[in-house]
Number of protein chains: 2
Amino acid sequence: MATSDTSELLNFCFRSLCEEAGIAVTHQRQVVYEELCAMHGHPSPEEVYGRVRSRIPSISLATVYKTIHLFIESGVFREVSLHHGTLRVETNSRPHHHLVCIQCKAIRDIDAEELGLAPAEGHLPDGFLVQRYAVDVLGLCAECQQPTPQ
Amino acid sequence: MATSDTSELLNFCFRSLCEEAGIAVTHQRQVVYEELCAMHGHPSPEEVYGRVRSRIPSISLATVYKTIHLFIESGVFREVSLHHGTLRVETNSRPHHHLVCIQCKAIRDIDAEELGLAPAEGHLPDGFLVQRYAVDVLGLCAECQQPTPQ
DNA sequence: CTCACTGCAAAAAGTTTGCAATTGA
DNA sequence: TCAATTGCAAACTTTTTGCAGTGAG
């Protein structure tokens, strides 16, 4: 059956995702979705825009931003880092890691010892020379676990 | 001896750090350093600016930025996240972590299994509810390990 | 005395917003 | 039909840069 090619499959996936998330299926969203699926690495909105524009020349960067945020909120994609988008200075000089609340985005320190995880090698694939580990423990802080206070 | 108070100590520390790094000791840098040492958490340049300005009203935000970057380059302070300051989409849907090169800032994925670390609890201090771990393995990628090609 | 550093103002980058026109359901 | 979505332009936030004057060594 000629209709079962990759793009039909993506199309189906995408419609299911939208239905689950309760959002409309638009041409723009579909193309952003398809291009994201086809991209590797950690693309920026501009990079996504560049690729999408080759298929929808009239699309605006603002729509790409809105769509990416929508996908992230809906759990269709994740963002690489939940940390503040701005420069932040680490004032804690002790070896520590971070507790990051996925809801309110608060970042609290936790001593490396207290977290206590067990890494392995000192050398990873491709000759990557490990210097240290920075762990984000993602989850919900005490406050955000409260049932949504209406 | 009355001169051995905290601020004298900080002063001494700072001068040593500057000597090591081969940079000039200026009043602005000293005050930024002292305020950073006195701050907790993960302050933004604006926040640092706010505090420093109360001691040097004429200081400019640009100088605060330059100073913070200088401190980070010199290893006096770290930044909280080495990830791009811009929004990035995670296109890899498999459970994975990141190899982050502290030199060129490149981010490569590594499968969670391949990295294989051993976390512990499901509940941490303060009732933080863990959802998942995101690990940055910080170090030098193969390319950046080459002796600086003059 | 000299080069590094500062402050200023302007520019650049990245992101968000308001609104009128358009479109999916 | 009509609420949701889009494109545009303008605004906003964060960060960088060029340059003339100042200051540390």
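Ala, Val, Leu, Ile, Met, Phe, Trp, Tyr, Cys and Pro count here as nonpolar, Asp, Glu, Lys and Arg as charged, and the others, Gly among them, as polar. The model is predicted, local features need pLDDT of at least 70, side-chain atom pairs count only at pLDDT 80 or more, and totals for chains, interfaces and linings use all residues. Residues are numbered from 1 along each chain as its sequence is written, chains are lettered from A and ligands numbered from 1 in the order in which they are written, and side-chain values use heavy atoms, with hydrogens and water left out.

**Exercise 1.** Describe the protein surface near DNA strand D by class and by element.

Solution. 
- Step 1. A residue is near the strand if one of its heavy atoms lies within 4 Å of it. The surface near DNA strand D has 9 nonpolar, 7 polar and 3 charged residues.
- Step 2. Helices (H or I, at least four residues) and strands (E, at least two) are DSSP runs, numbered from the N terminus. At least two residues each come from α2 (27–38) and α4 (61–74) of chain A and from α4 (61–74) of chain B.
- Step 3. α4(B) gives the largest share, 5 residues.

**Exercise 2.** Find which residues come nearest to DNA strand D, and which side chains lie by its phosphate oxygens.

Solution. 
- Step 1. Of the 19 residues around DNA strand D, the nearest are Thr26(A), Thr63(A), Leu87(A), Tyr65(B) and His69(B). Of the atoms of DNA strand D within 4 Å of the protein, 83% belong to sugar and phosphate.
- Step 2. In chain B, a side-chain N or O atom of His69(B) lies 3.5 Å from a phosphate oxygen of DNA strand D.

**Exercise 3.** Characterise the interface of chain B and chain A.

Solution. 
- Step 1. Counting contact as heavy atoms within 4.5 Å, 61 residues of chain B and 61 residues of chain A take part.
- Step 2. Buried area is the accessible area (1.4 Å probe) that two parts lose on being put together, summed over both. For chain B and chain A this is about 5,600 Å², with 59% on carbon and sulfur atoms.
- Step 3. Strand β6 (residues 128–140) of chain B gives the most to the side of chain B that touches chain A, 13 residues. That side has 33 nonpolar, 16 polar and 12 charged residues.

Methods: Polar contact = N/O pair within 3.5 Å; in protein donor to acceptor, adjacent residues only side chain to side chain.
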